[in-house]
Amino acid sequence: MQTASILNLGKDTDDARASVDVVALGIVTAAIILFVATGSEIGPAVVRSLAGRGPGPDSFILNAFLLNVAIIIFGWSRYRELCEEIMLRKVAEKEARRLAETDSLTGFHNRRSFDRCVEALIDRAVDTGQAAAALMIDLDNFKQVNDYNGHATGDRLLVECARRIVAAVPEGTIVGRIGGDEFAVALAFTRNSPEVVDHIAAALAQAVAEGSQSSAATIDVTASIGLARAESRATSAQALLEMADVAMYHAKRQGRNQFTWFEPQMAHEMRFRADLEAGIRQGIPRGEFVPFYEQQIDLKTGELTGFEMLARWDSPQFGIVAPDIFIPVAEEIGAIAELSRSVIAQALEDAKMWDARLTLAVNISPIQLRDPWFAQKLLRMLVEANFPPQRLEIEITESCLHQNLGQVRALIASLKNQGIRVSLDDFGTGYSSIGQLRQLPFDRIKIDRSFVSSLIDDKDSAAIVRAVATLGEGLHLPVTAEGIETQDVLDHLRQYGGITGQGYLYGRPRPARDLGEWLGEATAAQEAAPDDRPEVKRA
């Protein structure tokens, strides 16, 4: 609408200028006619006067002649100015059209002009018996590049990716930048040869995945690509791009750095995803996200030492939803911080009612670690709940160490200064080094459940568990084993001495209202003599 208004304003200005120029042209034409008439009158008189054969021209006619000369000179000057103005106006209009139709950073088509070009492409493809394909390209984790390296680096990466995209597609392909880190290409292909589009998509993924050098660091980025096709005019450009967009999100959810063709069932998945997003946003203020608790047991004595808080979504639409479903969605839509704050606040109130020796462990999303004020926000929650910091343990996943080690180090130091303990979760699944464990003052390391649950049948898993237990003993770091589900696994772990554990062998996670049995047994165990202390009952 804004562009149309500018063009209409320019048209009105042109009409007004044209009417004025018609008047000016009439005046100049009249001046030329008068110039010829008065010139023919004073010319012979001037010649006779200069020859001394008669008087000079009449002064009135001479003045009229000179005025006509002035008007003609003015008219010529105005004509040249108009020509220059028209030329400049054409250049400005051409530039305005270019800016209205292209992306300023990459020079690609923007969304509006790309849609128009794709519409024409579909028409041409149908007329020639071909099909049209659209490929939606989204850069994976581009937001992290902006957050950690700055928007200037992000812009340079976009320009570099744009150059690679152009180099990877055939000549004549329509290329556009649809959004911040989202590109799109469209081309015609033979209906019976969709593998041609597959090859192009593979080339695009490979081209984008090449490392990009920025200053002294190499930035690695990958792309998720969605493909869709149109074989008739019944599929509009907008519908084609929407299908490619759905396929792109499907590729991203399947692990990223890959391409996927659109299939009808994907649309149902997208509607389910939209319902999840809406449910999460509405469920947080409604208190639908609640804490469940899993026991943490001293494997040697069977004593309950604390609980790990696990978030659950008690949705009126979907029922009890596990965190591996809603947490990734909450992270992507920017709701994870508010969700986590709500659940932790409930857990702090619950834990106040437990025995003072029991600890509360909570997991922190990598997204929250990017917040430089996270430690201060957590301290405020502890003060509001009047909960002792030394009873709280924050769990940070091993993958966080590779995103911004300096920021993680500062966060851990800040938390520990407040008396909060910090553990390294899912140890063994990433690439952290012993050097990092020495640099970062963790209070505990937790062995990932994938190694613990398979240690009886998998020698490699058993070796990893043994190595981590030995490492913890050498670094004087307590060790917790996750995923204890059988008695055989428990018996195997007991050989490593003072290890704590958790898992379904001791009972599935429960809400706060169902902890009475566990807490009662813990109280009884504390009051009993050491020799008479029973093991915690397993559910």
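The model shown is predicted.

View A. Of the 539 residues in the chain, 41% are buried. Among the contacts with a separation of 6 or more, 68% join residues 24 or more positions apart. The chain exposes about 27900 Å², and carbon and sulfur atoms supply 56% of that area.

**View B. Five strands form an open sheet in the order 2-3-1-6-7.** The pairing within this sheet is mixed. Strand 2 (174-177) and strand 7 (259-261) stand at the edges. Each of these two has a single partner strand, so one side of each is left without a neighbour in the sheet. On average, neighbouring strands of this sheet are turned by 20 degrees against each other, direction ignored.

**View C. Strand 6 and strand 7 pair in the parallel sense.** Strands of a sheet pair through backbone hydrogen bonds, either parallel or antiparallel. Strand 6 covers residues 223-230, and three bridges connect strand 6 to strand 7. Leu227 has Trp261, in strand 7, as its bridge partner.

**View E. A nonpolar patch on the surface is formed by Met87, Leu88 and Val91.** Together these residues have about 320 Å² of accessible area. Met87 belongs to helix 2, which spans residues 59-101. The relative accessible area of Met87 is 52%, and exposed means over 50%, so Met87 is classed as exposed.

**View F. Gln296 is a buried residue of strand 8.** Strand 8 extends over residues 289-298. The relative accessible area of Gln296 is 6%; buried means under 20%, and Gln296 is therefore classed as buried. Leaving aside residues up to four places away in sequence, Gln296 touches Glu303, Leu304, Thr305, Gly306, Phe307 and Glu308, and also Thr359, Ala361, Glu395, Lys446, Gly501 and Gln502.

Terms used: Residues numbered from 1 in each chain as written. Predicted model: local features only at pLDDT ≥ 70, side-chain atom pairs only at ≥ 80, totals over all residues. Heavy atoms only, no water. Buried < 20%, exposed > 50% of the residue type's maximum accessible area, 1.4 Å probe, protein only. Contact = heavy atoms within 4.5 Å. Areas by Shrake-Rupley, 256 points an atom, 1.4 Å probe, with all protein chains shown as cover. Patch = residues over 30% accessible without salt bridge, like charges linked within 9 Å, V, L, I, M, F, W, Y side chains within 5 Å. Salt bridge = Lys/Arg side-chain N within 4 Å of Asp/Glu carboxyl O. Helix = DSSP H or I, 4+ residues; strand = E, 2+ residues; numbered from the N terminus. Pairing = 2+ DSSP bridges. Axes fitted to C-alpha atoms, helices over the stretch in contact; angles between N-to-C directions.
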